[in-house]
Amino acid sequence: MTVVDKVAYGRSVEASQESSSTNMADAATIAKLEEGFKKLEAATDCKSLLKKYLTKDIFDSLKAKKTGLGATLLDVIQSGVENLDSGVGIYAPDAEAYSLFAPLFDPIIEDYHKGFKQTDKHPAKDFGDVSKFINVDPEGTFVISTRVRCGRSMEGYPFNPCLTEAQYKEMEEKVSSTLSGLEGELKGSYFPLTGMTKEVQQKLIDDHFLFKEGDRFLQAANACRYWPAGRGIYHNDNKTFLVWCNEEDHLRIISMQMGGDLGQVYRRLVSAVNDIEKRVPFSHHDRLGFLTFCPTNLGTTVRASVHIKLPKLAANREKLEEVAAKFSLQVRGTRGEHTEAEGGIYDISNKRRMGLTEFQAVKEMQDGILELIKIEKEM
């Protein structure tokens, strides 16, 4: 067992000593679960996937289980129980949770990732022929900016709710030293949130880089403990490559720039992910692909997006949505989910992240954007 494994599984040893040898949830946890389940059952206006799929039978079969790192069903569902207006309502406290609590995770994953059935297996990582990606708007008329990002979890560590303060700090140390070894276009600086000066903070806010402490959904999932310990931001000198450390996921790796050169953005991301992976092994599941804290972000975990101005299509939202649906694209407001399009500017991205390769996910987005631009020009 490596040093990493020993540290990561230290919690599991303590947990198993505290509980019975069969590694079961304790009575207090089960009592809280029973209370939460009753609350969920009584919430007639709750439309979350948790409410839809947590039947009494599934609840009873899972309520006493506990992962090797000490996570229980309570860690999985507590955010959705506290926030009855959740869309999904569950998080994975560690990698093993996806297997141990599969009777709940699997139907939710199938429902959210339309088309990825419980019998399906996510394909192996394949970034494909990176030369196939182009500048989707060479004249610079429509696309304001382009971004491709993915989430990654470090192997041997649990996800947010089960992390100790010492683990957060240890992971940050590992990430910052790994990133400081990047060269060429990816070379840059790491800024820890702990002890960050007001000047650096303001600069990162002005550049739209700085992330805030988690929202109420993440807070309720215990994803923000020991904040800001172990959290930080890395960016390259050109500010076109960014890594968030221990925000919602262990790592959020982001490549972005102004304009529509998707090819350049994608190639930068691919070279960065491959470089980091040589130094930091990532959590991966045979069936589900790359694992992160949230079941909406599995498989490729890739989200390729553009901020795009489509004034004519914007006036005909139905047509815009129709074309987007044909290419499995998601249309969001300028500032992301649940926001409006400011000045007719939309955030448009690939919707599918599972059951297809990284190359296919980004290609869908490229094809869809080219089609939207073509229609906009013809209108």
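Reader: Which residues form one aromatic cluster?

Author: Phe127, Phe133, Tyr266 and Phe359 form it. Keep in mind that this is a predicted model.

Reader: How many aromatic pairs does a search of the whole structure find?

Author: The search finds 11 aromatic pairs.

Reader: Why is the pair of phenylalanine 127 and tyrosine 266 called edge-to-face?

Author: Take the distance, then the angle. Ring centres must lie within 6.5 Å to pair. The centres of phenylalanine 127 and tyrosine 266 are 6.3 Å apart. Planes over 60 degrees apart count as edge-to-face. The planes of these two rings are at 70°, so the pair is edge-to-face.

Reader: Where in the chain do phenylalanine 127 and tyrosine 266 sit?

Author: Phenylalanine 127 is in the loop between helix 7 and strand 1. Tyrosine 266 is in helix 11, residues 262-279.

Reader: Is phenylalanine 127 buried or exposed?

Author: Buried means under 20% relative accessible area. Phenylalanine 127 has 9% relative accessibility, so it counts as buried.

Reader: And what makes tyrosine 266 count as buried?

Author: The cut-off is again under 20%. Tyrosine 266 has a relative accessibility of 1%, so it counts as buried.

Reader: What makes the pair of phenylalanine 211 and tryptophan 227 edge-to-face?

Author: The centres of these rings are 5.9 Å apart, and the limit for a pair is 6.5 Å. Their planes are at 80°, and edge-to-face needs over 60 degrees. The pair is therefore edge-to-face.

Reader: Where are phenylalanine 211 and tryptophan 227?

Author: Phenylalanine 211 is in the loop between helix 9 and helix 10. Tryptophan 227 is in the loop between helix 10 and strand 3. They are 16 residues apart. Phenylalanine 211 has 5% relative accessibility, so it counts as buried.

Reader: How do you know that the peptide bond from tryptophan 227 to proline 228 is cis?

Author: Look at omega. For this bond omega is near 0°, and the bond is cis. Proline 228 is in the loop between helix 10 and strand 3.

Reader: What is said of phi at histidine 208?

Author: Phi of histidine 208 is positive, about 60°, although the residue is not a glycine. Histidine 208 is in the loop between helix 9 and helix 10.

Reader: Why is histidine 208 called exposed?

Author: Exposed means over 50% relative accessible area. Histidine 208 has 68%, so it is exposed.

Reader: Why is serine 328 called partly exposed?

Author: Serine 328 has a relative accessible area of 21%, so it is partly exposed. Serine 328 lies in the loop between helix 13 and strand 9. Its phi is near 55°, a positive value in a residue other than glycine.

Reader: Why are helix 13 and helix 14 called roughly antiparallel?

Author: Angles over 145 degrees count as roughly antiparallel. Helix 13 and helix 14 pack at about 150°, with their axes 9 Å apart. They are therefore roughly antiparallel to each other. Their crossing is right-handed.

Reader: Which residues make the contact of helix 13 and helix 14?

Author: Helix 13 brings Lys319, Leu320, Val323 and Lys326. Helix 14 brings Glu371, Leu372 and Ile375. By class, the contact has four nonpolar, no polar and three charged residues.

Reader: At what angle do helix 2 and helix 5 pack?

Author: The angle is about 35°, and the axes are 10 Å apart. The crossing is left-handed. Thr29, Lys32, Leu33, Gly36, Lys39 and Leu40 of helix 2 meet Leu73, Leu74, Ile77, Gly80, Val81 and Glu82 of helix 5. Six residues of this contact are nonpolar, three polar and three charged.

Reader: Why is helix 5 called largely enclosed by the rest of the structure?

Author: Count its buried residues. Nine of the 10 residues of helix 5 are buried, so the helix is largely enclosed. Among them are Leu73, Asp75, Gln78 and Gly80. The buried residues pack against helix 2, helix 3, helix 4, helix 7 and helix 10.

Reader: What makes aspartate 347 buried?

Author: Aspartate 347 has a relative accessible area of 7%. The cut-off is under 20%. Aspartate 347 is therefore buried. This residue is found in strand 10, residues 345-350.

Notes:
Residues are numbered from 1 along each chain as its sequence is written. This is a predicted model: local features need pLDDT of at least 70, side-chain atom pairs count only at pLDDT 80 or more; totals for chains, interfaces and linings use all residues. Side-chain values use heavy atoms; hydrogens and water are left out. Axes are lines fitted to C-alpha atoms, for helices over the stretch in contact, and angles run from 0 to 180 degrees between N-to-C directions. Helices (H or I, at least four residues) and strands (E, at least two) are DSSP runs, numbered from the N terminus. A crossing is left-handed if the near helix is turned anticlockwise from the far one by less than a right angle, and right-handed if clockwise. Contact means heavy atoms within 4.5 Å. Ala, Val, Leu, Ile, Met, Phe, Trp, Tyr, Cys and Pro count as nonpolar, Asp, Glu, Lys and Arg as charged, and the others, Gly among them, as polar. Angles under 35 degrees count as roughly parallel, over 145 as roughly antiparallel, 65 to 115 as roughly perpendicular and the rest as oblique. Rings of Phe, Tyr and Trp (its six-membered ring) pair if their centres lie within 6.5 Å; planes under 30 degrees apart count as stacked, over 60 as edge-to-face and the rest as tilted. Buried means under 20% relative accessible area, exposed over 50%, partly exposed in between (1.4 Å probe, protein chains only).
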